[in-house]
Amino acid sequence: MSFAKIAVPAMILLAAGGCSRTGDIDSSGGGAGITAVRSACPRVGVPAATGDVTLFDPANSREAQAIDVVANITNMVSTCDDAGEQVVTNVTFDVFARRRDAGPARDVTLPYFIAVVRGGSSVTAKRISHVTLHFDAGQIRASTTGQASSSVSRAAATLPDEVRKRLNRKRKAGEEAAAMDPLADPAIRTAVASASFEALVGFQLTEDQLKYNATR
């Protein structure tokens, strides 16, 4: 399963004034510098093409009239506790589903995952759970709530001192170094990526389901 990559510069939020942009220099107070605001908490999201799932009946058909159940993940909310040695993230979300036929009562169980991704591409941990949707008799809609959690070592999510110093170094307007973005240095960019984590939640899809989502 391939996960959507998030650009490394997006992991660093530069706070240099309300209208500042990446690369701007703060010259207030007679000096210049960039303040890097960064949290050890992972970014939370849904990987591309895994936020919804379609079940077919018959299972080997991909015709529109064969669509049996469609479900999607939405309303994702996360909390993060980064006070200890482990940074713990708890995620809750809703699953809404619709079935083709308003028939008898029916339960549909769907697998989902939470994966910890480091540096935008390396999956360091993954856990699979299930949610069950209950369709009442005569109803075509159902919903339920899912939850997941992840933990990341605080040490792994912390930038080395030398990297933090480079990112936070005072830069005076007019100097050559002031025009250089620290993230342009491959070593700095790699260190930032290595300490950046994501907690990604999505449906655990088969290869056929993933292909359907990606190509429909």
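These notebook entries record what I looked up in one predicted protein model.

**Entry 1: Ground rules.** I number residues from 1 along each chain as its sequence is written.

**Entry 2: Overall make-up.** I found three helices and 10 strands in the protein chain; helices (H or I, at least four residues) and strands (E, at least two) are DSSP runs, numbered from the N terminus. Along the sequence the pattern reads β-β-β-β-β-β-β-β-β-α-α-β-α. I noted that 34% of the 216 residues are buried, a term that stands for under 20% relative accessible area (1.4 Å probe, protein chains only). I then turned to contacts (heavy atoms within 4.5 Å). Of those between residues at least 6 apart in sequence, 68% join residues at least 24 apart.

**Entry 3: The sheet.** I traced an open sheet of four strands in the order β4-β5-β6-β9, with antiparallel pairing; two strands pair if DSSP finds at least two bridges between them. The edge strands, β4 (52–56) and β9, each pair on one side only. Between β6 and β9 I recorded 13 bridges. Valine 88 stands opposite serine 151 in β9. Helix α3 (residues 207–215) packs on the sheet and touches β4 and β5, its direction making about 115° with that of β4. For that angle, axes are lines fitted to C-alpha atoms, for helices over the stretch in contact, and angles run from 0 to 180 degrees between N-to-C directions.

**Entry 4: The cores.** I next examined nonpolar cores, each a set of buried Ala, Val, Leu, Ile, Met, Phe, Trp, Tyr and Cys residues joined through side-chain atoms within 4.5 Å. The largest has 22 residues, and those with the most contacts inside it include Phe93, Tyr112 and Phe203. At least two residues of this core come from each of β5 (67–81), β6 (86–99), β7 (106–118), β8 (122–135), β9 (141–153) and β10 (197–203). Leaving aside residues up to four places away in sequence, I listed the residues that phenylalanine 93 touches, among them Ile73, Met76, Tyr112 and Val201. A second, separate core of eight residues includes Leu159, Val163, Leu183 and Val192.

**Entry 5: Helix α2.** In helix α2 (residues 186–194) I found Ile188, Ala191, Val192 and Ala193 buried. These buried residues pack against β7 and α1 (161–168).

How values were computed: Predicted model: local features only at pLDDT ≥ 70, side-chain atom pairs only at ≥ 80, totals over all residues. Heavy atoms only, no water. Buried < 20%, exposed > 50% of the residue type's maximum accessible area, 1.4 Å probe, protein only.
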